[in-house]
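Morning, everyone. Please have the sequence and the structure up on your screens. I'll talk about helix packing.

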Amino acid sequence: MAKDRHEEQRPPSRAPNPVSSTISRRGFLKGIGTGAITAAVAPAVLMTQPDTADAQTLPGITQAQITLKVNGKPYKVDVESRTTLLSVLREKLDLTGAKLVCDRGECGGCTVLMDGKPVYACMMLALDAQGHEITTIEGLAAGDRLHPIQEAFIEHDALMCGFCTPGFVVAIKGLLDKTPNPTLDDIKRGVSGNICRCGTYPRVFQAALTAAQKMRKGG
Ligand code: FES
Ligand code: FES
């Protein structure tokens, strides 16, 4: 059976990268003795420091300019070896649809598509995202026209606070592109890496089934 996002993206399964393999974010945090800093807040705190200052003061952190293709457009960004894809999207590209919630590959709030496959952007180093097509929730609508999945979420009132919604919509997009006529079980499996604290699951499932019909009819 195919591995789910939890299995694929939890350390140490990340594929080695010539630059990033020398240090992991968690290893880095341990290394500088930041026991009081939780994994949830560390990236936000650390990324407020100028990149150059960090690189000068923190051993093992390297910098690079990379190009990421996001929603069909190339972006040149300066990153450090520890910078996550989610940090780049939210803090450098101002694409804030993907949410930082657990920062540990548990909730799915940060879900984006990489080459059409849902991934946790909080668990993906920006360096590892080079050469791949990244799609965020911002890339789904065509101008003013919402994507059929977004329309179906509205029709089924499939959100309460809405914080988890971008992650669910993107995960469902990844599923429906691959499985245009899903069963309810397919849908449940497709969003099994996403958590909704408001408990809107039944409406999310219905929205996904409606979206599948819409997309089969050409949206
Ligand atoms: S913020 Fe990435 S999985 Fe929760
Ligand atoms: S709608 Fe609130 S967490 Fe899902």
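Start with α6 and α7: they cross in a right-handed sense. Keep in mind that this is a predicted model.

Now the geometry. α7 covers residues 165-178. The α6 and α7 axes come within 10 Å and cross at roughly 130°. Angles of 65 to 115 degrees count as roughly perpendicular and those over 145 as roughly antiparallel, so α6 is oblique to α7.

Who touches whom? From α6, the contact uses Ile 149, Gln 150 and Phe 153. From α7, the partners are Thr 165, Phe 168, Val 169, Ile 172, Lys 173 and Leu 176. By class, this contact has six nonpolar, two polar and one charged residues.

Next pair: α6 with α9. Here α6 is residues 148-155, and α9 is residues 201-216. Their axes come within 8 Å, and the crossing angle is roughly 135°. So α6 and α9 are oblique to each other. The handedness of this crossing is right-handed.

On the α6 side, the contact is made by Pro 148, Ile 149, Glu 151, Ala 152, Phe 153 and Glu 155. α9 brings Val 204, Ala 207, Thr 210, Ala 211, Lys 214 and Met 215. How do the residues of this contact divide by class? Eight are nonpolar, one is polar and three are charged.

One last thing to look at on α6. Ile 149 and Phe 153 are in the contact with α7, and Ile 149 and Phe 153 are also in the contact with α9.

Conventions. Residues numbered from 1 in each chain as written. Chains lettered and ligands numbered in written order. Predicted model: local features only at pLDDT ≥ 70, side-chain atom pairs only at ≥ 80, totals over all residues. Heavy atoms only, no water. Axes fitted to C-alpha atoms, helices over the stretch in contact; angles between N-to-C directions. Helix = DSSP H or I, 4+ residues; strand = E, 2+ residues; numbered from the N terminus. Parallel < 35°, antiparallel > 145°, perpendicular 65-115°, else oblique. Left-handed = near helix turned anticlockwise from the far one by under 90°. Contact = heavy atoms within 4.5 Å. Nonpolar A, V, L, I, M, F, W, Y, C, P; charged D, E, K, R; others polar.
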